[in-house]
Every structure is written in C-alpha cells, then in structure tokens.
Amino acid sequence: MAIASKEFIIKAMSENIINAKKKLSQNFLINEEVVLKTVDELSQNNVVEIGPGIGSLSEEILKRNKVLYAYEIDKTLIPLLKKQFSFYPSFHLIEGDFLKQDFSYDFPISVVSNLPYSLTSPILEKILLSDNDIKEVVIMVQKEFYLRIKQTKGKDYGPLNILISLLGKLDNVINVSRNNFLPVPNVDSTVIKITILNSLEFDKKDFYRFLNSLFLMRRKTLSNNLSSYLKSKEKAFKILEKVSLDPSSRCETLSKEDFVKLYKEIKDYNFSTKTI
Ligand code: SAH
C-alpha cells in the first residue's frame with residue numbers, strides 16, 4: 001500500500017499513529033499519481049525534501065534509488081519516518097525547522113516540498129537565495145500563489161516573481177484539487193516547477209533586499225522608494241536619469257531587466273563615488 005493513499009492515511013490516523021496537526025498545516029497527500037508526477041520532475045540523484053510528513057513523496061524518491069535529505073519539524077513524525085525508511089542507507093533525516101537549519105550542499109541537488117502554504121514564500125526565498133547548485137525546485141503551492149508569482153506586471157508582481165524569472169523558468173506541473181488531501185484543506189493546489197537556468201552575476205541576497213525596499217510602498221513612485229533606499233533624493237534622481245527610467249512610474253510597471261539595470265547602476269555609482 002503506497003503511503004500516499006487514502007487507505008494508508010486513514011489507517012494511520014485511526015490507529016493514532018499520526019494525527020494531523022492544524023498548527024503545522026498537515027494535510028497528507030492521498031493520490032499516488034500526484035506523487036509520481038512530482039518525483040518525475042526531479043533530475044538529480046541527490047534530493048532535498050522539506051516537510052516529508054509521513055513520507056508520501058520520500059517513499060517514491062527512495063524507491064528510485066535517489067539519495068534523500070529530508071527536513072521535518074514535527075518531532076512525533078521522526079520515529080515514524082525512521083521506522084519507515086531506515087533500511088535505506090540513502091535516507092538522511094534532518095530534524096527541525098528548515099528555516100533555521102543549515103542548508104548547504106557541495107553537489108548539485110533537486111529540491112521538492114509539500115509544505116504549509118503560509119511558509120511558501122520564506123521557504124522559497126531561503127532555497128532560491130542559497131548558494132547551492134539547485135537544478136530545480138518542485139513544490140506544491142496554493143493555486144492562487146502560482147497565479148500570483150507568474151505575473152510580470154501589476155498588483156501581484158513583486159520581488160519573488162522577479163527573482164524566479166531571473167533565475168529560470170516557472171511551469172505548472174499538475175493542478176491538485178483539495179480532495180487529494182486528508183484532512184481536506186479549504187484551498188486547491190498546484191505543483192509548480194522552477195527550473196534554474198541562470199546564475200546571477202551579482203549578490204542575489206543584496207539584490208533581493210533592494211527589490212524588497214523598492215516594493216515596500218507599492219503606491220509610491222519609483223523615485224520615492226529609491227530615495228528611501230539610497231537615503232538621498234538627489235542620488236535617486238541622478239541614477240534614474242542615467243538609466244532612463246521615469247521617476248514618477250510605479251515599481252509594478254517595471255520589467256525585470258529594468259530592475260537589473262537600475263541595481264547595477266547603483267552599484268557602479270556607489271563604487272565610483274567611494275572615497276578610498
Ligand atoms: N509532504 C507530506 C506532508 C505534507 S504536510 C505529504 O505530501 O503528505 C506538511 C509537512 O511539513 C508536515 O509534516 C509538517 O510537520 C512539515 N513542516 C511544517 N513546517 C515545517 C518547517 N518549518 N520545516 C520542516 N518541516 C515543516
């Protein structure tokens with residue numbers, strides 16, 4: 001019986017082996033097809049999984065002879081996971097909150113996750129801003145989240161959209177309705193795949209901080225937000241003129257190329273005005 005099956009989950013719940021914790025947003029996958037489609041997207045032999053739960057995805061990953069590094073926060077699931085998979089020498093369990101754990105691998109990895117949706121953004125940020133050689137991130141997200149992060153303009157456009165599109169390409173792997181989980185959540189999901197194709201020629205973390213400050217006050221003008229970021233109105237106008245961007249425009253109308261151009265100009269400006 002596959003772990004990602006209704007029978008398995010109901011049995012485990014009725015025997016009190018697992019009890020879905022609301023606080024940790026535990027909704028267990030009960031559709032094996034979703035598991036297969038998700039795992040099919042993982043290109044690497046080394047896989048990092050965040051939030052294995054009772055191991056629905058982990059089982060399939062290990063079966064395919066991949067090496068798995070799984071991060072699980074829920075202490076009560078640890079013995080279960082150990083019991084289930086300890087006979088695989090390729091199974092490595094990291095206990096604790098992924099957001100607080102060291103996340104560095106000196107070999108190429110694939111990343112996969114079905115995590116609480118309140119954590120999607122911080123988890124994706126930690127993954128994408130790390131220095132790891134990540135080939136792809138395959139992650140279950142709330143359907144609306146996918147619709148937001150693929151926007152390239154407008155109110156749903158923001159730092160994460162820009163980061164993702166600069167690093168690679170975003171695809172929808174499979175739409176997953178709420179009925180594929182137990183307990184049934186109140187939203188529908190989509191498995192997305194971010195294929196990493198590019199490495200940025202500048203410091204990603206610093207660039208991401210820059211994007212966040214420009215989007216801090218969405219309704220304000222570009223020159224306004226840039227002035228706060230640079231702590232100088234004069235500098236902001238000079239730089240905007242240099243890169244031919246309209247100071248009265250709003251950030252949500254700028255393309256990812258505009259942001260890169262602006263960021264590079266700022267770095268050059270700071271460099272050329274630095275006193276040694
Ligand atoms: N992937 C499983 C479980 C999904 S439920 C499945 O598809 O069935 C989400 C899982 O993420 C739970 O096991 C929960 O305990 C775990 N989790 C929640 N927050 C976490 C965090 N910060 N770090 C690691 N795991 C976390």
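How many residues of domain 1 are in contact with how many residues of domain 2? In this predicted model, for which local features require pLDDT of at least 70, side-chain atom pairs count only at pLDDT 80 or more, and totals for chains, interfaces and linings use all residues, 17 residues of domain 1 are in contact with 16 residues of domain 2, contact meaning heavy atoms within 4.5 Å. Residues are numbered from 1 along each chain as its sequence is written, and side-chain values use heavy atoms, with hydrogens and water left out.

The two domains, whose bounds come from an automatic or database domain assignment, span residues 6-196 for domain 1 and 204-275 for domain 2, and their C-alpha centres are separated by 34 Å. The size of an interface is often given as the accessible area lost when the parts come together. Between domain 1 and domain 2 about 1400 Å² is buried, 65% of it on carbon and sulfur atoms, where buried area is the accessible area (1.4 Å probe) that two parts lose on being put together, summed over both. On the side of domain 1, the residues that lose the most area to domain 2 are L129, Y157 and P159, which together account for 40% of what that side buries.

A nitrogen atom of the ligand lies 2.8 Å from an N or O atom in the side chain of D97, a ligand oxygen atom is 3.0 Å from a backbone N or O atom of L29, and a polar backbone atom of F98 is 3.0 Å from a ligand nitrogen atom. Of the 570 Å² of accessible area that the ligand has on its own, the protein covers 98%, as computed by the Shrake-Rupley method with a 1.4 Å probe.

Two features of the backbone concern loops. A cis peptide bond, with omega of about -15 degrees, joins L182 and P183, and P183 is found in the loop between strand 8 (181-182) and strand 9 (189-196). N65, a residue other than glycine, has a positive phi near 65 degrees and is placed in the loop between helix 3 (56-63) and strand 3.

How values were computed. Polar contact = N/O pair within 3.5 Å; in protein donor to acceptor, adjacent residues only side chain to side chain. Helix = DSSP H or I, 4+ residues; strand = E, 2+ residues; numbered from the N terminus.
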